[in-house]
Amino acid sequence: MSLFPSGGRLFVFVCVRCGFELTAPLSQVALPAHARQKYGNGLQLPVLMESGTFAVELEPWGPPWRRWEEIDPDEAAARGIHAPVHALSDGVSGAVVIAPGDTRGAVLIPEKRGGACCGFDGGDGPNMACAACGLPVASRIDDCSLWQAVWLAPDAVRRLPVEGADAGPLSWADLLTEGDGVPPSEPIAPWGEPFRAGDRWHWSPQWVAAAGQALAHLLVASNGRAVAVPDGLTAKMFQRALDTLLPAGGPRRRAVLAGPGQPAHDGADILLVPSHPQTGKTWTPAAPAASAPLVPLPFGVWLRLVLPEPQLPAPASGPVPDGVLRDDPPTPNVHDVFRVDRGVFQHTLARLPAVRTPWLRKIHDNLTQHMHTGLL
């Protein structure tokens, strides 16, 4: 899906020391839920960002790091972190992530490979330098099980507007018309090997990350009571985790899919709604029945949940006309049980103030146990 069919405000990023251009013109979008995800072991993940876009990480990230034991709880709370995490970065906030193919005028620093086993992981700080003046300006990430990306160092670059394009974000109606859903499963090859027809199909890393983010919000919205979600893919994503983490018995709170183009759900206890892929804002009902809390899902995942069946293929000869799908075989099923992304879940839950309540804090602190049971 192209998020900017009619333009969008464009920027180029330049070296802060010499002004050399380091990127193609780019439009800003929301930071993906899976931006910092590590998926599986030794797997080859694709490029994180759509070409022509960039996103901003608002939190500090990268070295130097401090372990949780070295951090005052008041300092952590002031940074929006309300439960223990492994470590906190004392780096600079505002890192900018782009597709590797959108870089210009930067060269790799080969000796700054980090702790990677197969490629670069950015663990030693910026590993790309400005080709004009040599200033370290970015980190190329391409190690196994990590999303391929280039992270521009916020203190080494600045952005300049490009004349001409200035269109607002797409409306929800336009997204429904032009947007594509993210398939729930995909083939993922081992790192460094070409994709083959027989590659094993996995649950989509984007779905696994989206589930981790949304599950944290679902638990908060549950108020400690059992929750039921719709049957089908939504239940595969969430129901096992909800049944494991929340107490059984008593009436269940009802969570439903809601959003643009969907019927009103009066009486629902929780609404599963999309977040806008450009702005990151969560969809809200026009006339909120307003007590129902909103649980955000990335738009592409939400779209496949509300429209799970793609259009049936129609046979055609010669060039395939617009709007006609090829008669490809159906997507293979994934036989593994769906597992929520532990890292994304913990990252999200630790940043929700409600995690300070005893029952949620207990869930947060028992994540290792839930990993052993195959939940995460």
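Mentor: Before we look at the sheet, a rule: two strands pair if DSSP finds at least two bridges between them. Strands (E, at least two residues) and helices (H or I, at least four) are DSSP runs, numbered from the N terminus. This is a predicted model, where local features need pLDDT of at least 70, side-chain atom pairs count only at pLDDT 80 or more, and totals for chains, interfaces and linings use all residues. Residues are numbered from 1 along each chain as its sequence is written, and side-chain values use heavy atoms, leaving out hydrogens and water.

Trainee: Okay, what is the strand order in the open sheet of seven strands?

Mentor: Strands of a sheet pair through backbone hydrogen bonds, either parallel or antiparallel. Here the order reads E2-E3-E6-E10-E9-E8-E7, and the pairing is mixed. E2 (27–28) and E7 (106–108) sit at the edges with a single partner strand each, so one side of each has no neighbour in the sheet.

Trainee: How many bridges join E3 to E6?

Mentor: Four, between antiparallel strands: E3 covers residues 53–57 and E6 covers 95–98. Val56 has Val96 as its bridge partner in E6.

Trainee: And which way do E14 and E15 pair, parallel or antiparallel?

Mentor: Parallel, over two bridges, with E14 at residues 227–228. Val227 is partnered by Arg253 in E15.

Trainee: Why is E15 called largely enclosed?

Mentor: Buried means under 20% relative accessible area, exposed over 50%, and partly exposed in between (1.4 Å probe, protein chains only). Four of the five residues of E15 (253–257) are buried, so the rest of the structure largely encloses this strand.
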